[in-house]
Amino acid sequence: MNTVSAQRAASTTTAGGPYVRIDRLTKRFGDFVAVRQVSLEISRGEIFCLLGGSGCGKTTLLRMLAGFETPTEGAIFIDGVDVTQVPPYERPVNMMFQSYALFPHMTVAQNVAFGLQQDGTARAEIESRVREMLMLVKLEGYDKRKPHQLSGGQRQRVALARALVKRPKLLLLDEPLGALDKKLREHTQFELVNLQEKLGVTFVIVTHDQEEAMTLASRIGVMRSGEILQVGSPTDIYEYPNSRFVADFIGSVNLTEGTLVEDEPDHVRIDCPQFGGTVYVDHGVSSPPDATLSVAIRPEKIQLTRERPEQADNVLSGVVTGIAYLGDATRYLVRLPTGFMLRVTAPNMFRREERLAHDETVWLHWHASAAVVVTR
Amino acid sequence: MSSPAERLADGFRRLRRAGGGQLGRWFVIALPYLWLTIFFLVPFLIVLKIAFANIQLAMPPVEPVMIWTADKVLQLRLHFSNFAFVFGDELYIAAFLNSLKVAGISTLLALLLGYPMAYGIARAPGAWRNILFLLVVLPFFTSFLLRVYAWLGLLGRNGPINDLLLALGLRHEPLQMLQTDYAVYLGMVYSYLPFMVLPLYSAIEKLDLTLLEAAADLGCRPTKAFFTITLPLTQEGIFAGCLLVFIPAVGEYVIPALLGGPDTLMIGRVVWDEFFGNRDWPVASALAIVLLAILSGFVLLLQRVQAREREA
């Protein structure tokens with residue numbers, strides 16, 4: 001793990017002491033290992049995102065936290081108590097399901113009240129807490145409706161209200177925004193974060209959507225094939241990915257392989273055949289001298305100019321072969337003399353400017369701190 | 001793109017295809033209605049006609065309802081006396097009530113037995129599910145009458161059940177099982193159980209399991225979740241299964257006749273006796289019509305209840 005991200009991760013974890021501690025958790029389904037030796041600490045009041053593609057084990061991990069799956073090995077501690085063998089109906093945890101799983105034969109109010117009724121809460125208190133919860137998710141006046149009479153966004157909010165009404169210390173959310181359209185998603189993202197801050201609940205969110213993870217999470221755990229590859233803040237994950245997979249999975253990136261030609265503690269120079277030259281990076285790399293490394297450069301960290309830049313750490317030239325104007329920025333595909341396609345994103349800072357055209361020869365340059373070297 | 005002649009031919013082809021589709025649609029709709037008309041509506045009207053006729057000593061043993069008299073008058077004579085007779089005689093009322101009771105208890109027993117069966121099949125692993133499903137349907141491969149007859153042998157004084165009881169020393173003399181109401185219930189539940197299990201199975205199988213997970217997550221224990229989530233959401237299957245068992249059970253003739261005692265009074269048997277014993281076709285028909293009315297009432301009531309549930 002990168003030293004900077006390791007430090008940051010450590011500082012967030014120790015803030016309130018780990019609230020959820022997952023200790024070498026493994027889940028096997030027959031021969032298939034869904035979750036492999038995962039250890040994780042989540043602190044109180046955090047929004048932790050498990051991010052990964054389908055089949056990476058993130059949902060299985062969440063279901064083990066909820067108690068729907070029994071771990072094959074390892075243990076789960078919530079607030080210091082070992083809950084590994086505790087059935088779901090006795091855990092201090094609530095979950096918001098991807099499909100929402102609202103009870104179709106009950107009204108909105110009955111759905112929200114369900115959890116409180118199980119605890120034998122007094123009727124008057126149930127009523128006031130249901131009303132309070134429906135107000136919080138802005139569904140006053142919908143209490144007598146059945147789930148099928150609601151829109152997707154409203155159903156999502158009923159599911160959230162139902163999961164929050166018992167005031168759980170830990171809320172698990174399985175793709176909470178997955179079923180909503182884009183506009184509603186962006187709106188709901190901020191509402192979720194506001195609600196979390198207001199109630200101080202610890203959130204564990206499972207998602208495959210990196211944008212969702214970036215905007216919601218205080219920390220992200222990137223998963224692949226049942227393992228957690230990297231844990232860190234959204235900035236850590238984006239700016240300091242610890243592997244090719246993480247660099248490629250989050251956002252867009254130019255990845256190329258290379259070998260070390262100059263290895264100093266404060267900088268390295270890497271020979272990248274696909275770039276047709278060396279890349280100068282202003283941080284050291286801890287790896288054996290002959291190892292193949294990967295260099296990752298984000299498209300927005302590369303600058304495009306018509307004139308050859310006077311002074312730059314890394315300079316290349318190429319031909320523009322693709323232009324995608326997105327309004328706020330423009331994406332370019334630039335072909336290097338070696339044939340490698342480099343992705344570059346440039347902000348559109350001026351309304352009137354002479355934009356680059358197809359087949360134009362351009363200069364590309366980036367700062368020594370722009371590239372990240374990953375060893376796996 | 002093509003010559004006028006080709007285009008014309010293409011137009012004709014399309015026209016013919018459209019016409020063929022229309023005809024096919026009519027055919028598909030008409031066929032079941034034709035079937036129901038010939039084999040259900042017409043026989044029903046004949047029975048209805050006989051129910052309003054007067055008995056006579058001839059073949060057929062009923063007077064015609066409509067007569068074309070010599071002075072060219074079409075006479076329609078409806079005898080309500082048959083219905084008056086049916087409602088006036090305590091025997092018939094007792095037979096109706098007893099039929100409803102036997103059918104009701106049989107339906108309840110079939111439900112209590114069928115629900116766990118359907119639940120077990122619906123939750124069984126894939127390969128097992130097909131085998132269990134086949135086992136439920138398997139009895140239909142043998143004649144219904146044969147299967148009821150088999151119970152005669154099983155329950156008889158010298159049958160294997162009594163043999164076993166005697167051998168184990170649980171009884172000192174054979175147990176009288178045949179010609180009792182219990183035998184009738186046994187026969188009913190045995191015969192109609194598949195009709196209960198199949199709709200229940202399809203309802204339970206459709207149930208979204210994440211709902212049960214959600215219930216557990218909210219602190220609901222599995223037993224309670226069964227009554228608050230599973231049972232209400234499989235209600236349609238319960239209604240369908242109960243109807244499928246109750247309706248044929250009310251009019252059942254073979255099971256009470258073979259397994260029941262002489263005092264097991266059921267309407268199916270009474271109709272049989274009136275028809276073949278007394279050769280009183282009008283009263284037998286009137287009984288059949290009343291039975292039909294009662295059962296239709298049940299179905300309508302149930303549909304009303306279900307419709308109201310769905311609206312709420």
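## Chain A at a glance

How many helices and strands are there in chain A? The count comes to 9 helices and 20 strands. Keep in mind as you look around that this is a predicted model.

Chain A has 376 residues, and 38% of them are buried. Take the contacts in chain A with a separation of 6 or more: 64% of them come from residues 24 or more positions apart.

For the complex, the predictor gives an ipTM of 0.82 and a pTM of 0.81. Chain B has a mean pLDDT of 89, with 95% of its residues at 70 or more.

Which elements of chain B sit at the two ends of the confidence range? Helix H1 of chain B (residues 4-51) has the lowest mean pLDDT, at 82. The highest belongs to helix H8 of chain B (residues 209-217), at 96.

## Where the two chains meet

The contact between the chains draws 16 residues from chain A and 13 residues from chain B. On the chain A side, strand E6 (93-96) and helix H3 (108-118) each bring at least two residues. H3(A) gives the most to that side, with 3 residues. Sorted by class, the side of chain A that touches chain B has 9 nonpolar, 5 polar and 2 charged residues.

## H10 of chain B and its two partners

Helix H10 of chain B (residues 235-250) packs with helix H7 of chain B (residues 181-206), their axes 8 Å apart and the angle about 160 degrees. Over 145 degrees counts as roughly antiparallel, so that is how H7(B) and H10(B) run relative to each other. The crossing of H7(B) over H10(B) is right-handed.

By class, the contact of H3(B) with H10(B) has 10 nonpolar, 5 polar and no charged residues.

## Backbone details to click on

The peptide bond from Met59(B) to Pro60(B) is cis, with omega near -5 degrees. You'll find Pro60(B) in the loop between H1 and strand E1 (66-68) of chain B.

Ser225(A) has phi near 45 degrees and lies in the loop between strands E9 (219-224) and E10 (227-232) of chain A. Is Ser225(A) buried or partly exposed? Ser225(A) counts as partly exposed, because there are 15 C-beta neighbours inside 10 Å. In chain B, Arg279(B) has a phi of about 50 degrees and sits in the loop between helix H12 (267-277) and helix H13 (281-311). Arg279(B) is partly exposed as well, with 14 other C-beta atoms within 10 Å.

Arg91(A) is in the loop between strand E5 (81-82) and E6 of chain A. Why does Arg91(A) count as buried? Arg91(A) counts as buried because it has 22 C-beta neighbours inside 10 Å, and 20 or more is the cut-off. Leaving aside residues up to four places away in sequence, Arg91(A) touches Gly67(A), Val83(A) and Val86(A). Leu304(A) is 213 residues away along the chain, and its C-alpha atom is 55 Å from that of Arg91(A).

Glu6(B), by contrast, is exposed, with 10 other C-beta atoms within 10 Å. Glu6(B) belongs to helix H1 of chain B. From Glu6(B) to Glu90(B) is 84 residues in sequence and 80 Å in space, C-alpha to C-alpha.

Conventions:
Residues numbered from 1 in each chain as written. Chains lettered and ligands numbered in written order. Predicted model: local features only at pLDDT ≥ 70, side-chain atom pairs only at ≥ 80, totals over all residues. pLDDT = per-residue confidence, 0-100. Helix = DSSP H or I, 4+ residues; strand = E, 2+ residues; numbered from the N terminus. Axes fitted to C-alpha atoms, helices over the stretch in contact; angles between N-to-C directions. Parallel < 35°, antiparallel > 145°, perpendicular 65-115°, else oblique. Left-handed = near helix turned anticlockwise from the far one by under 90°. Contact = placed C-beta atoms within 7 Å. Nonpolar A, V, L, I, M, F, W, Y, C, P; charged D, E, K, R; others polar. Buried ≥ 20, exposed ≤ 12 C-beta atoms within 10 Å, placed from the backbone.
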